[in-house]
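Q: I am new to this structure and would like to learn how to read its features step by step. Could we begin with how strands are paired?

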Number of protein chains: 2
Amino acid sequence: MEQSAPSARTKVQRLPHRGAYDQETLWAILDEGLVCHVGFVTDDGQPLVLPTTHVRVGEQLYLHGAAANRMLNTLSTGVAVCVTVTLLDGLVLARAAFKHSMNYRSVVVLGRAKAVTDAAEKRRILSALVEHVMPGRSSQVRGANDKELAATLLLVLPLNEASAKIRRGPPVDDPLDYGLDVWAGELPLRLRPLPPVRDPKLSASVDTPEQLARYRREPSP
Amino acid sequence: MEQSAPSARTKVQRLPHRGAYDQETLWAILDEGLVCHVGFVTDDGQPLVLPTTHVRVGEQLYLHGAAANRMLNTLSTGVAVCVTVTLLDGLVLARAAFKHSMNYRSVVVLGRAKAVTDAAEKRRILSALVEHVMPGRSSQVRGANDKELAATLLLVLPLNEASAKIRRGPPVDDPLDYGLDVWAGELPLRLRPLPPVRDPKLSASVDTPEQLARYRREPSP
């Protein structure tokens with residue numbers, strides 16, 4: 001079923017049945033993703049795409065980095081930006097090479113960012129960023145001091161122009177190919193932790209938390 | 001040790017010690033990645049970042065899609081493009097919120113793409129694309145027929161302007177924070193398969209290949 005897009009330029013063009021625009025779908029993808037890809041245009045017209053971490057709080061998306069970060073400084077001037085989050089869910093293995101695909105969920109956000117300058121607001125969002133990556137950890141670690149807060153550039157981008165694109169399910173082969181004697185289906189892929197690696201400088205008296213081995217980034221079953 | 005960049009605009013600006021420009025490093029990241037993020041600029045100056053699949057063959061990077069794909073058609077006109085591949089290797093958990101980070105390997109490729117029109121060359125690269133995703137599979141499945149070949153737009157991008165950025169290792173905390181009683185270290189993350197899901201239309205006589213459960217995307221140890 002096709003949903004209506006918030007703007008013509010966020011409407012999914014190729015395979016529009018894969019498009020989604022509802023808040024619940026968009027937020028779930030943004031909240032699961034650890035990495036986003038930020039696209040902007042340099043003065044000479046060259047697009048640049050750089051990976052970074054994001055956090056969604058309410059109806060806003062936040063990016064952060066060093067105060068000297070060139071990309072964030074460019075974005076803070078209000079130039080057009082695109083932030084894309086992609087979750088790879090599996091390989092779609094068809095009987096024909098042409099029909100191979102991937103199952104994925106992605107979100108594209110268009111807009112213009114601005115800097116968050118209020119100190120209390122910056123602290124709140126930076127805590128949310130730690131929580132986004134590792135729930136429960138923001139209360140365990142030392143929070144940002146004034147110097148660190150000043151050294152951090154935090155940008156906010158509204159989520160009012162965004163779209164999701166999703167592919168799920170088995171391969172779709174040509175009718176004649178279903179008789180071929182080749183395995184077809186989906187190989188689901190998930191991001192899973194290996195055993196935690198202790199900082200060599202960590203005191204032997206600090207135990208490794210058991211929940212690290214259970215860390216997951218995936219939708220609830 | 002800092003390496004020399006192929007161009008000023010590919011030189012890693014933030015934390016230049018994380019930059020790498022040698023072919024072996026670049027190729028390994030491109031070859032491991034299943035998804036790339038392609039950045040280009042629309043007529044009205046809006047950057048767009050869309051995920052797709054790539055394959056490197058020799059010193060060239062290839063993108064493909066439906067002949068009607070709007071992004072690929074725009075790119076085929078030779079506009080400036082940026083292709084970024086990011087591999088997330090782990091979460092870097094520090095004692096201070098400010099010092100949290102991620103271990104990753106990323107490659108940024110700048111350039112201009114053009115369409116590959118030679119049919120034999122298209123077949124060769126599309127086979128390489130299947131091999132990139134699932135080694136050994138291209139010889140097992142039905143290859144592209146003339147109609148499918150004509151319905152595929154294949155683009156090539158030289159790899160002569162590219163850079164890698166890499167973070168590895170434990171967190172780096174402030175000296176005073178090493179005494180804090182909080183676990184610190186790295187939580188390595190890997191893309192791992194769940195049990196394969198058979199296509200519901202797959203004949204019961206076709207066994208699930210055992211190697212699917214051993215599928216890995218990660219550097220050799």
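Q: Which residue of E5(B) is the bridge partner of B:His54?
A: In E5(B), B:His54 has B:Leu63 as its bridge partner, and E4(B) pairs with E5(B) in the antiparallel sense over four bridges. Strands count as paired if DSSP finds at least two bridges between them, while the strands themselves (E, at least two residues) and helices (H or I, at least four residues) are DSSP runs numbered from the N terminus. This is a predicted model, in which local features need pLDDT of at least 70, side-chain atom pairs count only at pLDDT 80 or more, and totals for chains, interfaces and linings use all residues. Residues are numbered from 1 along each chain as its sequence is written, and chains are lettered from A and ligands numbered from 1 in the order in which they are written.

Q: What is the order of the strands in the open sheet of chain B, and which are the edge strands?
A: In a regular strand the side chains alternate between the two faces of the sheet. Here the four strands of chain B follow the order E4-E5-E9-E8 with antiparallel pairing, and the edge strands, each pairing on one side only, are E4 and strand E8 (114-115) of chain B. Helix H3 (residues 119-133) of chain B packs on this sheet and touches E4, E5 and strand E9 (152-158) of chain B; its direction makes about 115° with that of E4(B), where axes are lines fitted to C-alpha atoms, for helices over the stretch in contact, and angles run from 0 to 180 degrees between N-to-C directions.

Q: Which residues of helix H1 of chain B are buried, and how are they arranged?
A: An α-helix has 3.6 residues a turn, so residues three or four places apart point the same way. In helix H1 (residues 23-32) of chain B the buried residues are B:Leu26, B:Ile29 and B:Leu30, a residue being buried if 20 or more other C-beta atoms lie within 10 Å of its own, exposed if 12 or fewer, and partly exposed in between, with C-beta atoms placed from the backbone. Seen down the axis of H1(B), these buried residues fall within an arc of 95°, so they line one face of the helix; the arc is that of the directions from the helix axis to the C-beta atoms. Among the elements that cover them are strand E6 (80-93) and strand E7 (101-112) of chain B.

Q: How are the two chains related?
A: Two copies of a chain are related by a rotation about an axis and a shift along it. Chain A can be laid on chain B with an RMSD of 0.0 Å by a turn of 180° and a shift of 0.0 Å along the axis, using a least-squares superposition on the C-alpha atoms of residues with pLDDT of at least 70 in both. That is the relation of a two-fold axis, and in chain A the C-alpha nearest the axis, 2.2 Å from it, belongs to A:Leu191.

Q: How many residues of chain A are in contact with chain B?
A: Contact, meaning that C-beta atoms placed from the backbone lie within 7 Å, links 81 residues of chain A with 81 residues of chain B. The largest share of the side of chain A that touches chain B, nine residues, comes from E11(A).

Definitions and conventions. Contact = placed C-beta atoms within 7 Å.
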